[in-house]
Amino acid sequence: MSRTFGSVLAVFLLCATFASAVQNVKVQGADFINNVTSNRLQIIGLAYQPGGSSGFQPGSGIDPLSNGTLCLRDAALMQQLGVNTIRIYNLDPTINHDMCVSIFNAVGIYMLIDVNSPLPNQSLDPGNLLSSYSSTYLNHIFAVVEAFKGYPNTLGFFGGNEVMNTVGTGGTVPPYVRAVTRDLKNYIAKNSPRMIPVGYSAADVSQILTDSWAYLSCNINGQSGDPSRSDFFGLNSYSWCGPTSPTANYQASGYDTVISTFGDTSIPVFFSEYGCNKVEPRVFDEVPVLYGNMTSVMSGGLVYEYYEETSNNFGLVSFYSNDTAQLLVDYDNLQKQFNTLDSKALQSMNSSATKIQSPTCSTSLISGSGFNNSFTLPSIPSGGQTLIDHGISNPNQGKLVTVTDTAVTLPVYSSSGSLLKDLAIKPLPSDESNAPGGSDTSGSGTSSASPSPTKKGAAGRVKIGLRASVIVAMLMGYFFF
């Protein structure tokens, strides 16, 4: 075999693996477990909503997973960061997501998908539960299932996000959240080639948090296969604000309370959002704690967020009107913290956690006097059972495709303004998820011009702190890229 032919064959074989990088994950007791390797999955993740709310444009063919070129860039940066899971909030189930999902799959990144959207009839309305819980709503969330059920890196679906966000909603909403979970899981059981976990993302409202978890994670009538039971429970928490804040420690942040609250959980519990920005730049000194002793209870977390939206100061990466991007100091700091983690140790299965059985639902599980303690659920809306039994009409069913391009063509700059060189994804073997690899992007690259000064999604706003060379170039009428 000639060297040239051997090289071509090697490339071909490598490309052939791009469509099957991760194994399915299941819920076993209080852990996420790889179906093939039996390794525990600790979520090391990010919230991923490119463009913020403007990145979701129904009817336009645009959503966070619609542009393969942008996803390739983001997957390469996330792979270097050490991320193994992303959460995507608003998606259009009618458009094609195959290339983006296949790229994230190739680098071992799972997806947690929110089935709801901010559009009318596409989420539960706590103030109008009867009318918002309809067959039209079910058709939408089932369409999201159809669009993502065929991807092996679909880790799970969020059936709701902060629907219970006040003490008052704790009195009315819980049965509806369980009903939506029931309907989603029944639809998946009937129409999907595999079971995909369904869970809930909770607001950090201390008065109802424990009751929300207890209500959603028990089995009605002691049935081990109760479809209305949540498979996992996420908590949106911004209580640890470091390093100079008085809450930047285990006790003051309330992390000790989280552990005591969920210490006997029978389903995976994780931070579905975290990353307080009251002290900037963020140093993420909660990361070693979350992935330290807290792993006896917690299944990791998702940092909010990857994309720097206009003036929210939660982003890790800034994006500009000409599709250039620049890493922020927060990205560097998070990468340093992720690099301290022992990935092999995090994969070790906790045999006691996987054997935990959920309790039978009863009023004794609920401690708050105003929280709903009835486990009689709303009946499925008219027409909903037909959708479950026969599937929705004309579903858009996603599938993996071969990823042939690995090199990022869009310019990306380090936080110091250097152009990153040779940025590319590195496809993983078929039994691996991504993990922190010791990369340090903060000082990489070569000195070059800074990104275009106009932030994407912030027309007319000039990013503060650009180098003098960029300002001079602007005045002279030159444009980069």
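Reader: Hi! What is the torsion about the S-S bond of C241 and C276, and which hand does the disulfide have?
Author: The torsion there is about 90 degrees, so the disulfide of C241 and C276 is right-handed. A disulfide here is a pair of cysteine sulfur atoms within 2.5 Å, and the sulfur atoms of C241 and C276 are 2.0 Å apart. This is a predicted model, where local features need pLDDT of at least 70, side-chain atom pairs count only at pLDDT 80 or more, and totals for chains, interfaces and linings use all residues. Residues are numbered from 1 along each chain as its sequence is written, and side-chain values use heavy atoms, with hydrogens and water left out.

Reader: Thanks! Is C241 buried or exposed?
Author: C241 counts as buried because its relative accessibility is 4%. Buried means under 20% relative accessible area, exposed over 50%, and partly exposed in between, with a 1.4 Å probe and protein chains only. C276 is buried too, at 8%.

Reader: How many disulfides does the count come to?
Author: The count is 3. Among them, C218 is joined to C361, with 2.0 Å from S to S. C71 and C100 also form one, their sulfur atoms 2.1 Å apart.

Reader: And what pattern do they follow?
Author: Counting bonded cysteines along the chain, the pattern is 1-2, 3-6, 4-5.

Reader: New topic: what is Q337 in contact with?
Author: Leaving aside neighbours within four places in sequence, Q337 is in contact with V283, F284, D285, V287 and P288. Contact means heavy atoms within 4.5 Å. Q337 counts as buried, at 16% relative accessibility.
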